[in-house]
Amino acid sequence: MLELTPLPYAEDALAPHISAETLAFHYGKHHKGYVDKTNELVDGTDLDNLSLVPLIRRIADDRSKKTLFNNAAQVWNHDFYWRSMTPRGGGKPQGALAEKMDGELGGYDKFRKRFKEAAIGQFGSGYCWLVVGDTGRLEIYGSPNAETPVASNDEVPLLTVDLWEHAYYLDRRNERDAYIDVFFDHLVDWDFAAANLASAASLDIRQTMPAK
Ligand code: MN
């Protein structure tokens, strides 16, 4: 059985950038709904003793388990999205992540422009990701629906933005671009991304990096 992970801050902590009403529905209804549905679908099967990431990886390529995959992946994606934000977030990364961004993406401003283009360009529902890819370099991409980088161990996610309309419609209506700006101006938790980068550095994936 999966538990609904507590939000890492109060439901009104991201206001006025993301309202308490949005978080009440997004966390309390949508995220909780994915947890409940996942538990319902694994109950009584040989999958119900798996923790979340092993479950996602076990069924990622099984078309008969698509509904379960979508719900389980959404549980993980939301846990990761909440932690990609903090009430006192925003601004630019520091340290090793900033250096990597400078070297591989041409700096923060170019990163932000590319991320915003990928987020706006993602057709329909999904997420926009900053990851360390299988080459060891930073990559930005949009993904549809519930797709998640943890379905394989090829890349290490650093940060995500939920692009489903339930993430921003109550506050921003159709203005996804304004929501992305608010995310980077006021909410993004670069310490979380830096910690993920540090964990990526200890994985095999980085041994394939070209020497500088
Ligand atoms: Mn969502």
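Strand β1 is covered on both faces: Gly-126, Cys-128, Leu-130 and Val-132 on one side, and Tyr-127, Trp-129 and Val-131 on the other, are all buried. Here, buried means under 20% relative accessible area, exposed means over 50%, and partly exposed is in between (1.4 Å probe, protein chains only). The strand spans residues 126–132, and seven of its seven residues are buried. Strands (E, at least two residues) and helices (H or I, at least four) are DSSP runs, numbered from the N terminus.

A word on the model itself. It is a predicted one, in which local features need pLDDT of at least 70 and side-chain atom pairs count only at pLDDT 80 or more, while totals for chains, interfaces and linings use all residues. Residues are numbered from 1 along each chain as its sequence is written, and side-chain values use heavy atoms, with hydrogens and water left out.

Back to β1 and its partners. Two strands count as paired if DSSP finds at least two bridges between them. With strand β2 (residues 138–144), β1 pairs in the antiparallel sense over seven bridges, and Leu-130 has Ile-140 of β2 as its bridge partner. These two strands make a hairpin with five residues between them, and Gly-136 in the turn has a positive phi of about 90 degrees. β1 also runs antiparallel to β3, joined by six bridges; there, Trp-129 is partnered with Thr-160.

The manganese ion has His-26 (NE2), His-78 (NE2), Asp-162 (OD) and His-166 (NE2) as its protein donors, 2.0 to 2.1 Å away. Donors are N, O and S atoms within 2.8 Å of the metal (3.2 Å for Na, K and Ca); water is not among the atoms, so sites may look incomplete. Along the sequence, the donor residues follow the spacing H-x51-H-x83-D-x3-H. His-78 sits in helix α3 (residues 66–83) and Asp-162 in strand β3 (residues 156–162), so this pair ties together parts 84 residues apart in sequence. His-78 is buried, at 0% relative accessible area, and Asp-162 is buried too, also at 0%.

Elsewhere, helices α5 (residues 108–121) and α7 (residues 176–187) have axes that come within 10 Å and cross at roughly 145 degrees. Such axes are lines fitted to C-alpha atoms, for helices over the stretch in contact, with angles running from 0 to 180 degrees between N-to-C directions. Contact means heavy atoms within 4.5 Å. Among the residues making it are Phe-111 and Phe-115 of α5 and Ile-180 and Phe-184 of α7.
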